[in-house]
Amino acid sequence: MSARTASADLLTPLKTVFGYTAFRPLQEEIIRDSLAGKDVFALLPTGGGKSLCFQLPALVRPGLTVVISPLIALMKDQVDALRANGVAATFLNSSLLEDERRERWRGLNAGEFKLLYLAPERLFAGDMLEALPSWNVACVAVDEAHCISEWGHDFRPEYRQLSGLRGRLPTIPFMALTATATERVRQDIVNQLHLHEPAVSIASFNRPNLTYRVESKTTAYRQVLDFLRARRGESGIIYCASRAGTEALAGKLIADGIAAAPYHAGMDKTERSGNQDRFLRDEVRVVCATIAFGMGINKPNVRFVIHHDLPKNIEGYYQETGRAGRDGLPAECLLLFSPGDVAKQTRFIEEKPDPREQQLARDQLQTLVRYAESGACRRRTLLHYFGETFAAESCGGCDNCLAPRASYDGTVAAQKLMSCAYRIRQRSGVSFGLNHLVAVLTGSETEKIRQCGHHELSTYGIGQDRSRSEWGAIARELIGQGLLAQTPGQFPTIELTAVGAAALKERRPITLTRPREPEPARTGRTGDISCDSALFETLRQLRKRLADREGVPPYIVFGDVTLRWIARRYPTTEADLATISGVSAMKLRNYGAAVLAEVRTHLESNPRQQFPDVQFTSDRGPSGKTRGELLTGSVAESLRLHREGHDVAAVARMRQLAVSTIGTHLADAAQAGEALEWSRFFTDSQVAEMRPHFEKFGGTALSPIFEALGGKYDYGILKLFRAAWQSGQLGALSKRAD
């Protein structure tokens, strides 16, 4: 690939084909690494724009990009979206009739397509592998790459076959993309796909537009119904643990006037896919589903995800909540939690035949329970699980930060519980499980208690002032504080730690948090793009008519973000409409006249409204990110190494990341207000060389500066220079260069 191709102006196709004027974090670096012929590993959160990372390069490089995708629905959705923007894309899967398959095969032989979507099973079926070399394959992109790892939460055996694909295409660059992967899973992906010294780009796991809430599951159906009635007209997903649960819940909602539908793997295929299509086309407002629903759903305007039942682990919970707010607008994630659900999950775990799988599942469940019961910032807890640090004191987007749980002096309650654990151990020489401990504390008359003589303990029955569930929650909180410990294994026991023993002996005060009461329904969200609501609704109806005419979901025509900006700016000419994010050249041609007619008609009888500036959260820096978003764990680590005296290249080597990535990290740190030693980044001659181009082009878009400098400086370095230049922190160097 020529240097000219690698340094092409990517902003032009970004706007004309996809309708966007700027890249999301790391997209540009990933795209340029791919165009340079490198293997790429990219971890971007759901809604972070993974698809663009292989779709845009496919347009500017010669040849065919093959995309491995796990689900038929996901393939069709992405191909429909590409075709709506004028991109020659297709898919081959079992849903096609023979005539359709032959016609697409003919088009591939003729070089008519830029992107081909395949399921891994289809890739290895028939003569597909033999045909690929004749189709001038330029890149292979593996979407949802975590499916290849047996350590991932969504392992799919058919993905393992991809391990042999590299041998068939040894010189073709590969790209692996995922939204959910721990460090162990990331390494497994790289190994299984045989990526050669890949350029690694890892974005923050933070989804700043999502609000996380956990409520005690008291009257579950009433809680769900009240939530939905406070959010009329909004789409969402409700996850249930069982197939029967999805159908029962959907039936109740329908009876109460909510347009709902069930979805689970046991349904008739036609009915299941029909319910999914109705949801995508905004004909069904709510889908009640098992975890079988989700990976193939690209619906960007899902405004809420409710977990009616407890998920199995943090990874699954993160991915399922990630289906909300893919368009970047505010969305809500509600988890209904009850100890009864924990007991159900525990019973399911005990049915697993493999002891190793049992222990892994128990550990994962305990992590999730601690998350649900904790009074700490939920965003910080989630990010910590994935190895990322959230630096801000408050995320401003979870129940524990928005309305911190009330604390109280729990010394007496803690002393009762810890004393009981101590006395049981003292009497029997071994520790017992949480249920037995609580049974002794509350004075239960069980055979096991009598056999062990625990009814004779001084602590027997001293906790009758609280319910068993309350004592269970207190015990788990004390475990979180390190005062008690829970042993691993099939039958975990509760033990007093050395810290707990000291606190008990010294009668140290212990603070506990009260359970959270269900919150009143909220009707507004901080961060919505304010707009003319009447015009927005008119545009939604127009979008539905246009989508129905073309047989695609409404969001393929325009996303909610685009409609909100139209209803905010009131464009009345094609030139005005073309400036709106999400309006590509083809969409302007196909839908522009209809949209402009609606805006003009609206303005004939309604005045223009004025709206405040858009702010998703407070404390945003020049990039539009909050300080907490900028100072992710990865950024903080690069900053730490910089402050130890290492230059950019050295930090990149130490972290095994690209120089561009480290430059971006330090630029983010500067935007967050962190002081950097700029003299270590640029020499006098470099400042003198770069500064005139930033003054000429303004620094908003880096592509013209990159071109003007002949590709001499990496984009990460240019971002770093821009951060210093825009913040005025380059003053000393600028004077020195003079």
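**Notes on a predicted model: loops, strands, cavities and cysteines**

1. R507 lies in the loop between α23 (498-505) and β17 (511-513). Helices (H or I, at least four residues) and strands (E, at least two) are DSSP runs, numbered from the N terminus. R507 is not a glycine, yet its phi is positive, about 55°. The residue counts as exposed, because its relative accessibility is 63%. The cut-offs are under 20% relative accessible area for buried and over 50% for exposed, with partly exposed in between (1.4 Å probe, protein chains only).

2. Ground rules. The model is predicted, so local features need pLDDT of at least 70 and side-chain atom pairs count only at pLDDT 80 or more, while totals for chains, interfaces and linings use all residues. Residues are numbered from 1 along each chain as its sequence is written, and side-chain values use heavy atoms, with hydrogens and water left out.

3. E197 is another non-glycine with positive phi, near 40°. Where does E197 sit? Its place is the loop between α10 (183-192) and β7 (199-202). Relative accessibility is 78%, so E197 counts as exposed.

4. Strand β13 (residues 331-337) deserves a look. Seven of its seven residues are buried, and the strand is mostly covered. In a regular strand, side chains alternate between the two faces of the sheet. Both faces of β13 are covered. One side carries A331, C333, L335 and F337, and the other carries E332, L334 and L336, all buried.

5. Which strands flank β13 in the pairing? Strand β8 (residues 210-216) runs parallel to β13 and is joined to it by seven bridges. L210 stands opposite A331 of β13. Strand β12 (residues 302-307) also pairs with β13 in the parallel sense, over four bridges. There, F304 faces E332 of β13. Pairing requires that DSSP finds at least two bridges between the strands.

6. β12, helix α14 (residues 314-321) and β13 form a right-handed β-α-β unit. Right-handed is used as follows: with the strands pointing away from the viewer, the path from the first strand over the helix to the second runs clockwise.

7. Six of its six residues are buried, so β5 is largely enclosed by the rest of the structure. Strand β2 (residues 64-68) pairs with β5 in the parallel sense, over five bridges. V67 has A141 of β5 as its bridge partner. β5 also pairs with strand β6 (residues 174-178), again parallel, over three bridges. Here the bridge partner of V142 is A176, in β6.

8. Three cavities of 30 Å³ or more turn up in a search of the whole structure. A cavity is a set of points, on a 1 Å grid over the protein atoms alone, where a 1.4 Å probe fits but cannot get out; its lining residues have an atom within 4 Å of a point. Points are joined across faces, edges and corners, and volume is the space filled by probe spheres set on them. The largest cavity holds about 40 Å³.

9. What lines the largest cavity? The lining consists of A421, I424, R425, S431, F432, L437 and I494. Helix α19 (residues 411-428) gives the most, with three residues. By class, the lining has five nonpolar, one polar and one charged residues. Nonpolar here means Ala, Val, Leu, Ile, Met, Phe, Trp, Tyr, Cys or Pro; charged means Asp, Glu, Lys or Arg; the others, Gly among them, are polar.

10. Cysteines. A search of the whole structure finds zero disulfides (a pair of cysteine sulfur atoms within 2.5 Å). C395 counts as buried, because its relative accessibility is 13%. C420 is buried too, with a relative accessible area of 0%.

11. H384 lies in helix α17 (residues 378-385). Is H384 buried or exposed? At 61% relative accessibility, H384 counts as exposed. H384 and F205 are 179 residues apart in sequence, and their C-alpha atoms are 9.6 Å apart. A649 belongs to helix α31 (residues 648-655). With a relative accessible area of 34%, A649 is partly exposed. From A649 to S660 the C-alpha separation is 9.5 Å, across 11 residues of sequence.

Conventions:
1 Å grid on protein atoms, 1.4 Å probe; cavity = no way out; pocket = protein on both sides within 12 Å on 5 of 7 lines; lining within 4 Å.
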